[in-house]
Amino acid sequence: MSIFKTAQAGEVKTKQLSKEGCRVTLSVEAGAELVTKSFQNAAVQVQSRAQMQGFRAGKVPLDLVKQNFAGHIKERALDLTVKAAISSAVTDAKLDAVGVPTLTKADFANFKDNTAFSFEMAVDVAPEFEVKDYKGIEITKKSDTATDKDVEENLNRVLDANARLESAQEGATIDDKCYAVIHYKGQRNGQDDYKLSADSELVDMSAPQTMPGLAEALIGLKKGDEKDVQTKEGNDTISYHVTVDDIKNKIVPNLDDSFAKDMGFETLDELKKKVKESLDAEAKQNSQRDEVAQIENHLVKMNNFALPQSLVEEYTESSLHNFVHNMTQIKPEQLTAEQHKAFEERIRPTVEKDLRIGYIVHAIAKKENLQATEEDWKAELDKSLSSSQNKSDEKKIKAFFDERKEHILATLTERKVFDFLKAQASYK
């Protein structure tokens, strides 16, 4: 038993003062008996660490400990009293607490041995709501198979990704479809600027350029030609001296059996079949994700209720930390107040939506008796074990399932709920 769960029946009195949204405020009185017990326990705990000349550590007589470490004992007794009283108050009030309770009002100066101690506390609880409008959700079904056009576009991207560059024939000129290999030196307002100079620069004439006016000036030039180019960038005058080293054309492979063999297939038909299968699998996943998104959006729209703000704050901060850590070069603790606020405002709506969906799914699972069972967990474990390659993998899988059992059960319950909602949905 936790050392903080020592309050006995009658030692704590609790009264609910208010409830706003998911936040409940309680008035709590820790009786004199509980306070005295906390002082006794605190004295013994301080004694175990007390050191005084002439005594071994932890062996100082209790009366000397009380005389010389009264402040430490009172501080520890207060901690024991408050934690025990809070635990008892939450239980007595039958609250489904979802966060750590916080003291909102207390007069610590009046905390003394053998005297009742009163304080007020706030605790966030799970939302209470009647889940509604979850049957017969209208879902617009997206295609879960790839079209011939999808296959063709994919193959064209594969061909383009396997293209090669070949030097153009002698006498060829630069147009808007080729690649130009150039070197150039540039100046800004008459001063050399290394940022405007390059050797063996490959310029895709069909794509937008970052160097203003350079690509346009290359049109019509031949290999070996030189040209001076001048253009404007804002108020600056930019000038280049350009030399054409080579002109290259992109050669795209033919879509035939020979190309298919290069890609590891016997025939072009086999390649097309594989591409179709891959795109069909992708289309099916996208369709399923879209169904879930439509269901979630409907549930959130039709079930509006207050959320525990402590959880919203906690999850927002955690998500912000992960986002900044993974997506930027900035450490979360280096964010300015403005940056932190901007990220928080961006992330909070998603956090609130996910938290709301979690409560709704839990409510549907309870109402429709869709909770995952031990047998469901075992079946999922067996499914994972059947795909393992060796004994070492099996041990890792079993360890993972044991360690994450509650999480896996929650995931299986969520899967059951969405399968149920899809079965009850109205598709169009």
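Reader: Which residues form one aromatic cluster?

Author: In this predicted model, the cluster consists of Phe39, Phe108, Phe111, Phe117 and Phe119. The count of aromatic pairs comes to 9.

Reader: Why is the pair of Phe117 and Phe119 called tilted?

Author: Their ring centres are 6.0 Å apart, and a pair requires centres within 6.5 Å. The planes stand at 35°; stacked rings would be under 30 degrees and edge-to-face rings over 60. The value falls in the remaining class, so the pair is tilted.

Reader: How do you know whether Phe117 and Phe119 are buried or exposed?

Author: Phe117 has a relative accessibility of 2%, and Phe119 has a relative accessible area of 2%. Buried means under 20%, so Phe117 counts as buried, and so does Phe119.

Reader: What makes strand 2 and strand 4 a pair?

Author: At least two bridges are needed, and strand 2 (residues 23-30) and strand 4 (residues 117-124) have 8 bridges in the antiparallel sense. In one of these, Thr25 has Ala122 of strand 4 as its bridge partner.

Reader: How do you know that strand 1 pairs with strand 2?

Author: Here too the requirement is at least two bridges, and 8 bridges join strand 1 to strand 2, running antiparallel. Lys19, for instance, has Val24 in strand 2 as its bridge partner. The hairpin of these strands has 2 residues between them, and Gly21 takes a positive phi near 65° there.

Reader: Why are strand 1 and strand 3 said to stand at the edges?

Author: The open sheet has 4 strands in the order 1-2-4-3, with antiparallel pairing. Strand 1 (12-20) and strand 3 (102-106) each have a single partner strand, so one side of each lacks a neighbour in the sheet. On average, neighbouring strands of this sheet are turned by 25° against each other, direction ignored.

Reader: What makes the phi values of Lys94 and Asp133 worth noting?

Author: Most residues other than glycine have a negative phi. Lys94, however, has a positive phi near 55°, and Asp133 has a positive phi of about 55° although it is not a glycine. Lys94 is placed in the loop between helix 3 (70-92) and strand 3, while Asp133 lies in the loop between strand 4 and strand 5 (138-139).

Reader: Why is Lys94 called exposed, and why is Asp133 called partly exposed?

Author: Exposed means over 50%; Lys94 has a relative accessible area of 73%, so it is exposed. Asp133 has 40%, which lies between the limits of 20% and 50%, so Asp133 counts as partly exposed.

Reader: Where is Asn303 found, and why does it count as buried?

Author: Asn303 is in the loop between helix 7 (268-302) and helix 8 (309-327). Its relative accessibility is 2%, under the limit of 20%, so Asn303 counts as buried. Beyond its neighbours within four places in sequence, Asn303 is in contact with Glu130, Val131, Lys132, Arg356 and Ile360. A polar atom of the Asn303 side chain lies 2.9 Å from the backbone nitrogen of Lys132, within the 3.5 Å limit for a polar contact.

Reader: How do you know that Arg356 lies over the face of Phe305?

Author: The distance from the ring centre is 4.9 Å, and the limit is 6 Å. Likewise, the charged end of Lys405 sits over the ring of Trp377, 4.6 Å from its centre.

Definitions and conventions:
Residues are numbered from 1 along each chain as its sequence is written. This is a predicted model: local features need pLDDT of at least 70, side-chain atom pairs count only at pLDDT 80 or more; totals for chains, interfaces and linings use all residues. Side-chain values use heavy atoms; hydrogens and water are left out. Buried means under 20% relative accessible area, exposed over 50%, partly exposed in between (1.4 Å probe, protein chains only). A polar contact is a pair of N or O atoms within 3.5 Å; within protein, one must be able to donate a hydrogen and the other to accept it, and residues adjacent in sequence count only if both atoms are side-chain atoms. Contact means heavy atoms within 4.5 Å. Axes are lines fitted to C-alpha atoms, for helices over the stretch in contact, and angles run from 0 to 180 degrees between N-to-C directions. A charge sits over a ring if NZ of Lys or CZ of Arg is within 6 Å of the ring centre and within 35 degrees of the ring normal.
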